[in-house]
Amino acid sequence: NSVFRDGSFEVAVNLYSEAIEIDNIVGEDPQFTGVLFSNRAAANLKLERYDDAEHDARRAVQREKSAKNFLRCAKACAANGKPVDAIESMGLLLLHDEQGIAPHPLVRDELDLVRPQLRSEADIAAVDDFITNTVDSLTRRAGRRSERGARVKALTDYQAALLLAPDFPEAVAGVEAMREEIKVEAAKPVKPKQPLPIPQPRKIGPLGLPEWPPQTREERYQYAVALGLMKPPQ
């Protein structure tokens, strides 16, 4: 990674390739291998080796469906003149973003670059179908999250839907509703925390010890000594 940060992308590709080979020999760890493929995809993108970058990014996605992997796959597909695949990768990125951490500005920028590449009617129709299904899935998930009170995650899903379909009425209404509900919730006074109950002192039993049953290891030891089950410390 330090070599990549220094801009030595060719060296980085070779090092990631060696690491992948070693990982295959010792026994593949899917998540770690996915990171290696993803990092090599990033280096290949810098070197403008878009076929290799796409191949690595797809293998990374197979192992971990993360925002980073999908975005690198989208970039590689776009550079390879595959706008449909690029938009599908970004849609899958938003669908698999369960925690709401997808880099929306990066997705928006990439979509703006890719959409003009759609030329044929077949490509436009394929993307329209994919976007319709993806936006429907996002808005339905947002509705379920809203019902559970997970308003921030619901808002994220509605906003993700608008990235793909900026004028989708249900998503527009959902964003407005969630923002209003979050605002109302934030304005509610915070209930003061209830003080913890003060533990009451325990009564002393006939053996001069706290009442039975013992509640700590020390009390169990004291009872064992008092009943002659253990020898007292010397």
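1. A helix here is a DSSP run of H or I that spans at least four residues, with numbering from the N terminus. On that basis Asn-39 belongs to helix α3, which covers residues 30-46. Please keep in mind throughout that this is a predicted model.

2. Is Asn-39 buried or exposed? Its relative accessible area is 15%, and because buried means under 20%, Asn-39 counts as buried. Once neighbours within four places in sequence are set aside, the contacts of Asn-39 are with Asn-1, Tyr-16 and Arg-72.

3. Turning to helix packing, helix α7 (residues 104-114) and helix α9 (residues 151-164) have axes that come within 10 Å and cross at roughly 15°, which means that α7 runs roughly parallel to α9. The crossing of α7 past α9 is right-handed. On the α7 side the contact is made by His-104, Val-107, Arg-108 and Leu-111, and on the α9 side by Thr-156, Gln-159, Ala-160, Leu-163 and Leu-164. Sorted by class, this contact comprises 5 nonpolar, 3 polar and 1 charged residues.

4. The largest nonpolar core has 36 residues, and those with the most contacts inside it are Ile-87, Met-90, Leu-93, Leu-94, Leu-111, Ile-131 and Leu-164. At least two residues of this core come from each of α4 (50-63), α5 (67-79), α6 (83-95), α7, α8 (121-147), α9 and α10 (169-187). Another core, of 8 residues, lies apart from it and includes Val-13, Leu-36, Phe-37 and Ala-43.

Key
Residues numbered from 1 in each chain as written. Predicted model: local features only at pLDDT ≥ 70, side-chain atom pairs only at ≥ 80, totals over all residues. Heavy atoms only, no water. Axes fitted to C-alpha atoms, helices over the stretch in contact; angles between N-to-C directions. Parallel < 35°, antiparallel > 145°, perpendicular 65-115°, else oblique. Left-handed = near helix turned anticlockwise from the far one by under 90°. Contact = heavy atoms within 4.5 Å. Nonpolar A, V, L, I, M, F, W, Y, C, P; charged D, E, K, R; others polar. Core = buried A, V, L, I, M, F, W, Y, C linked by side-chain atoms within 4.5 Å. Buried < 20%, exposed > 50% of the residue type's maximum accessible area, 1.4 Å probe, protein only.
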